[in-house]
Amino acid sequence: MAKLVINDAKKQGRIEPEIYGQFSEHLGRGIYEGLFVTEDSGIENVNGMRTDVVEALKELEVPVLRWPGGCFADEYHWMDGIGPKENRKRMINTNWGGVVEDNSFGTHEFMELCRQLGCKTYVNGNLGSGTVQEMAEWIEYMTFEGVSPMADLRKKNGHEEPWKVDYFGVGNENWGCGGNMNPEHYANEYRRYQTFVKNLDEDKDQIQKVCCGANVDDYYWTKDVMKTCFAHVEKKKHGNMDYLSLHYYVHPEGWEIKGSATDFDEEVWYKTLSKTLYMDELIERHGTIMDRFDPLKKIGMSVDEWGTWFTCEPGTNPGFLYQQNTVRDALVAGITLNIFNKHCDRVKMACIAQTVNVLQAMLLTEGEKMIKTPTYYVFHMYRHHQGADLISSELTGVEDIGMGEWYVPQVTESVSEKDGIITITLNNLSATDALHMDVQFTGDRDYEVVEANIVTHQDMHAYNTFEEPENVKEETFKDYKLEGGRMKLTLPACSVAEIRVK
Ligand code: AHR
């Protein structure tokens, strides 16, 4: 029988809330329609932000939102998105469907969205096609309080006070859509551009700079960028590189074919989950390279794009990356977040792609309707890990299950503690079989369950639709028995659960 031993006396580091971050790009119906609507849309909103969407996201306690891209970031010229809306430039979104981008959602709107969500801001700058001056002026526009051309322009555009930029990405995927650079070239560009991403007010919190990291398993990129930038980082009081990013998407059938979001067999279920588990190896191996330069782990890994990327839904614009979200996505989310928790010594931020209507979204909208996806409920349960201490947990007796060449352990877990409450999150990866588990707490106290919840369905393909919005949802989990320091539980097939004890 699978056994989990939890030693709450052994703390293993803080799980940064930012690991539960979100990413929203100017892509398809992610921002326009999904988050931001026109005043004449008839959809309830506050300053253009959809009330239903903002309320639902607030329940997730979103810690940080990354914007405006993605590939869009390295074609985005921020000045196109400020000032009176009627004067804003209309342009073609060349990356995503060739549609007209009217720039009605710009810097002021992003900051307003983050204000409503109560989250930190992660702005991704344009290194690929923008100038150093443009990047420096954007920082000045957003953050400078005093008298200056850009601060004056912001005030003229209606925002007297500067905003706080918590994180600033110096380019995105510069090995690809962000300029097709090799690592040496990018690293030198990074050094130059980031010089002008200045903290204009030394008394305020510093802007944390995110350097573009590798695509999937490009270890050469990590090594070269670290080598070129790290010595430079060390000399400064406030590092010139605070984070190095990593992007990894799960495509069950590979990048070219991808695979359907809803139509898959049992073997593809296991293939998808096996590819999800690959995140662990990626973090280990990129982390080992980072350790060689940065053994004190001053630089955080920011997995600021992750999640499933399937073939888009039939009949939708292929450039819009709209996909359904099943119980399988819930497992991908649960497994990945457990991996991040367990690597909290190096992974300091992560942003799932993408919040609304794009890729592995939390929410889907259709006109004025909105539904929550299975992934949404996983983020809702896992929010209890934000800012908690990872505590030691050891699994034994776990069988490998699978089909064809795709085998995975039947269960994954992570455990944390905050304010005296232990949160255990468990995933049963089996498409067919329940799992009986024994959980043992080593502490010397009387444990009691505070709450227990689960996301599951007997059909691995199950998802929510606008007609049936609550087919898959978070429910109370009851199949456990706790006596003293021992708990016996049964996790149904295809499930993600959280159990909280004190
Ligand atoms: O999230 C969709 C795209 O995936 C992003 O624009 C890009 O950074 C990545 O390739």
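A: Helices (H or I, at least four residues) and strands (E, at least two) are DSSP runs, numbered from the N terminus. The model is predicted: local features need pLDDT of at least 70, side-chain atom pairs count only at pLDDT 80 or more, and totals for chains, interfaces and linings use all residues. Numbering runs from 1 along each chain as its sequence is written, and side-chain values use heavy atoms, with hydrogens and water left out.

Start with the ligand. Its shell (residues with a heavy atom within 4 Å) is made of Phe23, Glu25, Gly70, Cys71, Trp96, Asn172, Glu173, Tyr249, Glu305, Trp309, Gln354 and Leu359. Now look at polar contacts (pairs of N or O atoms within 3.5 Å). Tyr249 places a side-chain N or O atom 2.7 Å from an oxygen atom of the ligand. Cys71 uses its backbone instead: an N or O atom there lies 2.8 Å from a ligand oxygen. For Asn172, a side-chain N or O atom is 3.1 Å from an oxygen atom of the ligand.

Next, the space itself. The ligand sits in the largest pocket. Here a pocket is an open set of points on a 1 Å grid over the protein atoms alone, where a 1.4 Å probe fits, with protein on both sides within 12 Å along at least five of seven lines; lining residues have an atom within 4 Å of a point. To sit there, more than half of a molecule's atoms must lie within 2 Å of the grid points. β11 gives the largest share of the lining of this pocket, with four residues.

Now turn to the loop between β5 and β6, where Gly70 lies. Gly70 is also one of the residues around the ligand. Trp67 and Pro68 are joined by a cis peptide bond, with omega about 5°. Follow the chain on to another loop. Asn103 is placed between β7 (100–101) and α2 (107–117). Asn103 is not a glycine, yet its phi is positive, at about 60°.

Find Tyr249, with its atom 2.7 Å from a ligand oxygen. Then find Cys71, whose backbone atom is 2.8 Å from a ligand oxygen. End at Gly70, in the loop between β5 and β6.

Key:
Polar contact = N/O pair within 3.5 Å; in protein donor to acceptor, adjacent residues only side chain to side chain.
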